[in-house]
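Welcome! Let us take a friendly look at aromatic rings and the nonpolar core.

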Amino acid sequence: MIFRLLITTILVLSCVACVDPVQRNVEKMDEYVARVESESAEYDESDWEQANLEFEAMQEQVYADYDSMTPEQQDAAMRAIGRYYGLLAKQGIETFTKEAKKTLEAVPSIIEGFTDAFKE
């Protein structure tokens, strides 16, 4: 029994040690983008700055490994990169929408103030 457990443990550890580092980087990036996507509703500006720094480091590593990747790994990496940039665009649109809404809500007051300037 102990011998089987020892053999199983050795096999599992050898399989884990054999994981392709390029594949691991692609998986790490994909997992990171998924985490940012799930948490992004709670992000403030500093959270986005930190997320961008971490993502840029991962992206640099992926680009450095790009020529040694399989076509499937390249596709997976580019999908993760595209998804992250989509999240950034979505965040930018949401921020713009909030600011535009504030401005539009203020328009009646601006018009009233403007017309008050022409009253006696």
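Tyr43 counts as buried, because its relative accessibility is 19% and buried means under 20% relative accessible area, with exposed over 50% and partly exposed in between (1.4 Å probe, protein chains only). This is a predicted model, where local features need pLDDT of at least 70 and side-chain atom pairs count only at pLDDT 80 or more, while totals for chains, interfaces and linings use all residues. Residues are numbered from 1 along each chain as its sequence is written, and side-chain values use heavy atoms, leaving out hydrogens and water.

Searching the whole structure gives five aromatic pairs. Rings of Phe, Tyr and Trp (its six-membered ring) pair if their centres lie within 6.5 Å; planes under 30 degrees apart count as stacked, over 60 as edge-to-face and the rest as tilted. Two of the pairs are shown here.

| Pair | Centres apart | Angle of planes | Type |
|---|---|---|---|
| Tyr43 and Trp48 | 5.2 Å | 75 degrees | edge-to-face |
| Tyr84 and Tyr85 | 6.4 Å | 70 degrees | edge-to-face |

Trp48 is buried at 6% relative accessible area. Tyr84 is buried at 1%, whereas Tyr85 is partly exposed at 41%. Together with Phe55, Tyr84 and Tyr85 make one aromatic cluster.

Now for the core. A nonpolar core is a set of buried Ala, Val, Leu, Ile, Met, Phe, Trp, Tyr and Cys residues joined through side-chain atoms within 4.5 Å. The largest one has 18 residues, and those with the most contacts inside it include Val33, Phe55 and Tyr84. Val33 touches Phe55, Ala80, Arg83, Tyr84 and Leu87 (heavy atoms within 4.5 Å), not counting residues up to four places away in sequence.
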